[in-house]
Structures are given as structure tokens and as C-alpha cells.
Amino acid sequence: MDLIKLGQQAKQASFTLATTDTATKNKALALMADELEKQADIILKANALDINAARESGMGEALLDRLMLNTERLKAIADDVRNVINLDDPVGSELDSRILDNGLSLSRRRVPLGVVGVIYEARPNVTIDIASLCLKTGNASILRGGRETFHSNMALVEVIQTALSLAGLPGAAVQYIDKPDRELVSKLLKLDDYVDMIIPRGGAGLHKMCKENSTIPVIIGGFGISHIFVDESADLEKSVLLIENAKMQRPSACNALDSLLVHRAIAQSFLDKLIARLTDRVEFVADQSATDFVNQAPKVREAVAGDFDTEWLAYILGVKVVDDVDEAITHMRKHNASHSDSILTNDLRNAEKFINAAGSAAVYVNASTRFTDGAQFGLGAEVAVSTQKLHARGPMGLEELTSYKWVGKGDYLSRM
């Protein structure tokens, strides 16, 4: 595969997209959603090949769930594309404007980034999310999914290419690296003549590799240890149900709960309730401070080095008992609290301290970490959840896929 040619084609397509009107982009999105439903049988058969291969390789059930498509999920993906149609197109909007003393009319106008390269793992829906958001914002995209989703992604890319063709847009607007060679990823990271941004979606190893090897700006996102701190003032019954949601609804998601921090004053009563609720569905990984409080759990083991730095993506939950909100925050700072973190409390002062001190992209009070999602935030979908502090933080929707340019207008105005 000639990546330089791929980059050149993407750059040329980005020039076309940058001047494509909203109606045409929305037409392509509508066609994409329709094709997803029309080609459902083909897509699901391709996905079944990936599922069977993943199961034979020993992939765990939680990750298999992340990989799986079915009729309901495919319809939800199509509906997400239609939701993007209904969102305002940010391209061309003005952030602010003013008239300077010299008579120059000056404004900042949103523009596409250009070409976005996305490297991702295990979730075929990401292919459609990225393509739809990049298309709406006038960006060309180069996609590289994991080998475990190969057949699913090939079917989905066919849907995307069909929609682009029917809408009269260049097929190079969305391209896919269909070879599994890791060497191609390394080459993609060096295509700075053609690619304007790299977004990795996967584990810590993928992010580290991109940061260390890319000559293109990298948006780090999708990885981080999610914490919930249960304060002594929290409603324990409601907290149990909320934690069940954060851990159990979809444990393979990046915003699923990894580590539970519990105030010592309520540790025994609360953890008794939680264990009774979760029964044997979750394995507890107990810090030394928590072993006496969870030793009655059906599945429990003592934590070892690195456990509280692990994004579980499975039915496993780290537990630590702390003395106060300050100790909880100290633990979070040590263990990569950069994604989604929550405090359960009825103490306004502790809630505000937690909000201000937590370094996470999304911070919650009395709410599940599972809300960190582009669709849940009303963004239509997301390209990634950024956990860095420059350009974008949290779920990256349409606005986060744009930059801006300064626009100055005068009446044949010269600088004095």
C-alpha cells in the first residue's frame, strides 16, 4: 500500500470538502445511514467472521461485546449518523468579530482541520462515527482499525464509499488502511506533509507509540482510569445502583468504572450493600486498606503493583478505602485520573473541592462516569474522548474537528 499516494489523495479531497456546502454533506450522511440499513445482512455476516476469529483467539466476553454488531446496534449507528445531520455545521461560523480603530473588520471563522488520521481498536462503530463527523466538518480522513475488526470495517467502508459516490463527493474523502502491518502505522505517523492530526483510540501502548513516533500533532484520548469516590455523606442505596451502572452496563467502554474509593466512615455498610447487589458478577481487587471490608465477596483478591493503573475493560473493580476527599484526590492524581471521574456526596463543599481538584476531562457529582460520550453530551457522536489539555478535552464532536482562521476586511485599507 502506497501511503504517500493515500495522503496525497486525502489532501486533495480535503480541498474539495472545505468548500462543500452543508446540504451536500448532509446528503452524503443520509445516504450513509440508508446504506447501513440496506446492507445490514452483509455487515452482520462480516462481523460474525470477526467475532468467531476473536473467540477462537481467546478474547474475553467484555471485549467480544465491544466488537459485536447486531441489528439493534447497527440501527443505533445509523440513527447516530442521522443525528449528525441535524446538528449545526460549525464550518464557516464566526467565533467573534469586531471593528478595529483603524477601520479593519476582524473576525475568527471556523474551518476544517484538513486531513485527520485515526488509529483505533476493536470497535467497528468507530469507523462510522469518525467518517460521519469528519465529513460534516469538511475533513478528509484516513482510518486504520485493528485486525480484529477487519471484515466488519471492510463492509462499513464499502457503505461509506457508496454514499460518497452517490452524493458526488470524492471517494478519497474517507480512506482505509486495509493492511494489518504495523509498519504502515509508523509510516502514517510520519505523513506530516498530508495529514494534519492523528487521533489514536485504544490502550496506553497505542497512545505512547503515537506520541513517541508521530511528526504530526496527536490528540491523546480514550484511555484513563475512571474513579468514583463515595463520600461519607452519600446516599448509600442510590450510590450502589449508580456504581452498578458505571461498572456493569458496558464494562468494555473507556468510561466504565475501574477504581472505587470509599470513605472509611461508611466503608463496611456501603461495601456490604454493594457486594450483595453485585453478587458474583464482579471480581474485587482490594487495596490493603479495603481487604477487611470486602473479604466476604465471592470473587476477591489482593491488589498487586500496577492494578490501580489498569483500565480493566472487564468485570473487575479495584477498591480502596480512604479517610477523606483529599486522600481520594491524591490517589487519583497518582493513578491517571484523566478521563472520567465522579464523587457521590451530599456535601457541597466536598463536591466543589472534587470538581476543582480532579484533573479529569469529565468530572461528575452524583452521576455515572458512563455519561462521557458524544451522543450522551448531545454532540451526535464522537471521534475520541480527549484526555489532554490543549485544543480539545472530553468527547470530541464537530467543533473539536475544526480550527479557525482570522478574516480581515477593509476598504482598500493600508497599515499606517
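Predicted model: local features only at pLDDT ≥ 70, side-chain atom pairs only at ≥ 80, totals over all residues.
Me: Why are helix α5 and helix α6 called roughly parallel to each other?

Reply: Look at the angle: the axes of α5 (residues 71-86) and α6 (residues 125-136) cross at roughly 10 degrees. Angles under 35 degrees count as roughly parallel, so that's the label this pair gets. Those axes also come within 10 Å, and the crossing is right-handed.

Me: What makes up the contact of α5 with α6?

Reply: On the α5 side you've got I77, V81, V84 and I85, and they meet N125, I128, S132, L133 and K136 in α6. Sort the residues of that contact and you get six nonpolar, two polar and one charged.

Me: How do you know that F229 is buried or exposed?

Reply: Buried means under 20% relative accessible area. F229 has 0%, so F229 is buried. This residue is found in strand β7, and the residues F229 touches include L261, V262, V322, I343 and F354.

Me: How do you know that the span of helix α10 agrees with what it should be?

Reply: Helix α10 has 13 residues (236-248), and at 1.5 Å a residue they should span 18 Å. The end C-alpha atoms of α10 are 18 Å apart, so the two agree.

Me: What covers the buried residues of α10?

Reply: The cover includes β7, β8, α11, β11 and β12. Among the buried residues themselves are L236, V240, I243, E244 and K247.

Terms used. Residues numbered from 1 in each chain as written. Heavy atoms only, no water. Axes fitted to C-alpha atoms, helices over the stretch in contact; angles between N-to-C directions. Helix = DSSP H or I, 4+ residues; strand = E, 2+ residues; numbered from the N terminus. Parallel < 35°, antiparallel > 145°, perpendicular 65-115°, else oblique. Left-handed = near helix turned anticlockwise from the far one by under 90°. Contact = heavy atoms within 4.5 Å. Nonpolar A, V, L, I, M, F, W, Y, C, P; charged D, E, K, R; others polar. Expected span 1.5 Å × (residues − 1). Buried < 20%, exposed > 50% of the residue type's maximum accessible area, 1.4 Å probe, protein only. Lists of a residue's contacts leave out its neighbours within four places in sequence.
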